[in-house]
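Please open the model in the viewer and display the whole chain with its surface. The stops below proceed from the overall fold to individual side chains.

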Amino acid sequence: MALLMGMACLLWGGDVLAEYADIVINNYSDKAGMRPAIFPHWFHRIRFRCKVCHADLGFKFKAGGNEINMLKIIDGQFCGGCHNGEIAWSVENCDICHSGVPGTPTQVHGNTIQKLVKPAGKE
């Protein structure tokens, strides 16, 4: 997949947002006085199939497309399906997820291939 992403970047010649890049989730964090959450999509994707999060846990295929809040997570929805203290760390470890720069909007961040690969035809 990484090879295909690199080839797409070379052929297209523009910035490509990596499918498995980090996602900043800041739908409610700034308003609640918390740092935005950083979701390392690639880290989860190498461990789980897409259906685990997108079908079983109900995540939409769009950054910011989910109404995620801490009450839902504590209730076992979305991230809370795994981050329950049994499968992965629980919500008591706030800073592990809420590590983003305040004010960063919800978005998919590119990966390092954008910085390392120079598109064809551009000197």
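Areas here follow the Shrake-Rupley method with a 1.4 Å probe, and for residues only the protein chains shown count as cover. The model is predicted, so that local features require pLDDT of at least 70 and side-chain atom pairs count only at pLDDT 80 or more, while totals for chains, interfaces and linings use all residues. Residues are numbered from 1 along each chain as its sequence is written, and side-chain values use heavy atoms, with hydrogens and water left out.

Next, colour by pLDDT (the predictor's confidence in each residue, from 0 to 100). The average for the protein is 80, and 73% of the residues score at least 70. Select helix H1 (residues 2-12), where confidence is lowest at a mean of 44; H5 has the highest, at 95. Across residues 1-17 the pLDDT stays under 50.

Switch to a cartoon view. Seven helices and three strands make up the secondary structure, in the order α-β-α-β-α-α-α-α-β-α from the N terminus. These elements are DSSP runs numbered from the N terminus: helices are H or I with at least four residues, strands E with at least two.

Now select Trp-42, Phe-43 and Ile-46, which form a nonpolar surface patch of about 320 Å². Such a patch joins nonpolar side chains (Val, Leu, Ile, Met, Phe, Trp, Tyr) within 5 Å, from residues with over 30% relative accessible area and no salt bridge; a salt bridge is a side-chain nitrogen of Lys or Arg within 4 Å of a carboxyl oxygen of Asp or Glu. Trp-42 belongs to helix H3 (residues 41-45) and is partly exposed, at 41% relative accessibility. Buried means under 20% relative accessible area, exposed over 50%, and partly exposed in between (1.4 Å probe, protein chains only).

Move to Phe-78, in the loop between helix H5 (70-74) and helix H6 (94-97). Although not a glycine, Phe-78 has a positive phi of about 45°. Its relative accessible area of 12% makes Phe-78 buried.

Finally, show the cysteines. How many disulfides (cysteine sulfur atoms paired within 2.5 Å) does the structure hold? There are zero. For Cys-50, the nearest cysteine sulfur is that of Cys-53, 8.7 Å away. For Cys-97, the nearest is that of Cys-79, at 6.7 Å. Cys-97 is partly exposed, at 26% relative accessibility.

Note on methods: Patches are made of residues with over 30% relative accessible area and no salt bridge: like charges are joined within 9 Å, nonpolar side chains (Val, Leu, Ile, Met, Phe, Trp, Tyr) within 5 Å. A disulfide is a pair of cysteine sulfur atoms within 2.5 Å. Contact means heavy atoms within 4.5 Å.
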